[in-house]
Amino acid sequence: MSMIFRSIGALSRTLAQAMAPAAVLILALVIYTGFVVPIGDMHPWFRWFNYLDPVAYAFEALMINEFDGREFPCTTFVPRGPGYENSPLDQKSCATVGAIAGQSSVSGTAYINESFQYYRSHLWRNYGILVAMTIGFCFIYLTFAEYITGARSKGEVLLFPRSKVPTFSKKSDEEADENDRPTTEDALAEKVITAGDVPPSIQKQTAIFHWEGVHYDIKVKGGTRTLLEDCDGWVQPGKLTALYASDIFKPPNVANLTI
């Protein structure tokens with residue numbers, strides 16, 4: 001069963017394409033197992049589906065394993081009613097499929113033979129069919145997964161139309177208002193947060209950040225240029241580590257490298 005639904009998933013490119021056939025298939029597998037609709041009552045046009053149903057073979061094997069060779073006592077006899085309470089056993093019969101007149105029990109083998117057309121000789125045959133189906137559907141699943149690709153991303157781009165750009169008031173521009181700019185005196189007057197003043201909600205970091213074999217290239221005109229090649233290093237918590245580049249590198253590349 002797992003390989004069947006895996007094959008459907010590999011055959012479909014989207015989740016919606018996989019859900020529709022899977023829902024119909026699982027309903028058909030349950031109906032034509034042989035319990036809801038016995039084999040003798042199946043329409044000839046749909047009898048072939050029972051041959052392809054792995055659940056049907058597993059269910060038949062379980063029923064044979066459970067009922068074959070067992071005797072079940074009968075609780076209801078016919079005829080019954082007033083005047084038949086003291087009738088001898090040889091004049092009554094159990095009201096169950098597979099019962100034999102004059103017996104107080106029903107054979108489980110006869111019950112499954114007549115009710116579902118399940119036979120002891122089908123037990124190991126069904127086991128072999130299930131193994132073959134598992135291997136076959138596994139091969140189908142691997143084939144679909146190898147050659148059928150899923151739906152690719154369309155690369156959605158977020159656009160901001162000019163007509164939707166919000167208007168900002170000039171008063172909100174802090175750089176334009178010289179009176180509101182912070183001065184050096186204001187900056188020095190502010191309290192400097194030290195390691196002891198860190199809020200308790202911020203967890204203190206003690207792990208050392210280490211990197212090894214880092215390689216970083218940038219695209220330049222005519223090819224690529226290597227900024228880092230097999231670079232090793234580490235950063236200790238509480239220390240400021242800066243990365244500098246020579247004059248031949250542009251600042252944006254250095255910023256990308258430090259980030």
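**Exercise 1. Surroundings of Cys74**

Determine which residues Cys74 is in contact with, leaving aside its neighbours within four places in sequence.

Solution. The coordinates belong to a predicted model. Cys94, Ala95, Ser104 and Ser105 are the residues in contact with Cys74 once neighbours within four places in sequence are set aside. Next, locate the residue: Cys74 lies in the loop between β1 (71-73) and β2 (77-78). Its relative accessible area is 13%; because buried means under 20%, Cys74 counts as buried. Finally, consider a C-alpha distance: Cys74 and Thr96 are 22 residues apart along the chain, and their C-alpha atoms are separated by 7.9 Å.

**Exercise 2. Overall composition**

State how many helices and strands the protein chain has, and in which pattern they follow one another.

Solution. The protein chain contains eight helices and six strands. Of its 259 residues, 19% count as buried. For contacts with a separation of 6 or more, 51% are accounted for by residues 24 or more positions apart.

**Exercise 3. Packing of α1 and α2**

Classify the packing of helices α1 (2-11) and α2 (15-31) by angle, handedness and contact residues.

Solution. Two packed helices are described by the angle between their axes and the distance between the axes. Here the axes of α1 and α2 are 9 Å apart, at an angle of about 155°. Angles over 145 degrees count as roughly antiparallel, so α1 is roughly antiparallel to α2. The crossing of α1 and α2 is right-handed. On the α1 side the contact involves Ile4, Phe5, Ile8 and Gly9, which meet Ala18, Pro21, Ala22, Leu25 and Ile26 of α2. By class, the residues of this contact comprise eight nonpolar, one polar and no charged.

**Exercise 4. Helix α4 and its partner α6**

Describe how α4 (residues 54-67) packs against α6 (residues 123-147), and what covers the buried residues of α4.

Solution. Begin with the geometry: the axes of α4 and α6 come within 9 Å and cross at roughly 150°. That angle makes α4 roughly antiparallel to α6. The crossing of α4 and α6 is left-handed. The contact is formed by Pro54, Tyr57, Ala58, Glu60, Ala61 and Ile64 from α4, together with Leu123, Arg125, Asn126, Ile129, Leu130 and Met133 from α6. These residues divide into nine nonpolar, one polar and two charged.

Then turn to α4 itself. Its 14 residues reach 20 Å from first C-alpha to last, close to the 20 Å expected at 1.5 Å a residue. Pro54, Ala56, Tyr57, Glu60, Ala61, Met63 and Ile64 are its buried residues. The elements covering them include α1, α2, α3 (47-51), α5 (108-115) and α6.

**Exercise 5. Backbone exceptions**

Solution. Most residues other than glycine have a negative phi, and most peptide bonds are trans. Gln117 belongs to the loop between α5 and α6, and at 38% relative accessibility it counts as partly exposed. Asp230 is placed in strand β6 (residues 223-235) and is exposed, with a relative accessible area of 57%.

Key:
Residues numbered from 1 in each chain as written. Predicted model: local features only at pLDDT ≥ 70, side-chain atom pairs only at ≥ 80, totals over all residues. Heavy atoms only, no water. Axes fitted to C-alpha atoms, helices over the stretch in contact; angles between N-to-C directions. Helix = DSSP H or I, 4+ residues; strand = E, 2+ residues; numbered from the N terminus. Parallel < 35°, antiparallel > 145°, perpendicular 65-115°, else oblique. Left-handed = near helix turned anticlockwise from the far one by under 90°. Contact = heavy atoms within 4.5 Å. Nonpolar A, V, L, I, M, F, W, Y, C, P; charged D, E, K, R; others polar. Expected span 1.5 Å × (residues − 1). Buried < 20%, exposed > 50% of the residue type's maximum accessible area, 1.4 Å probe, protein only.
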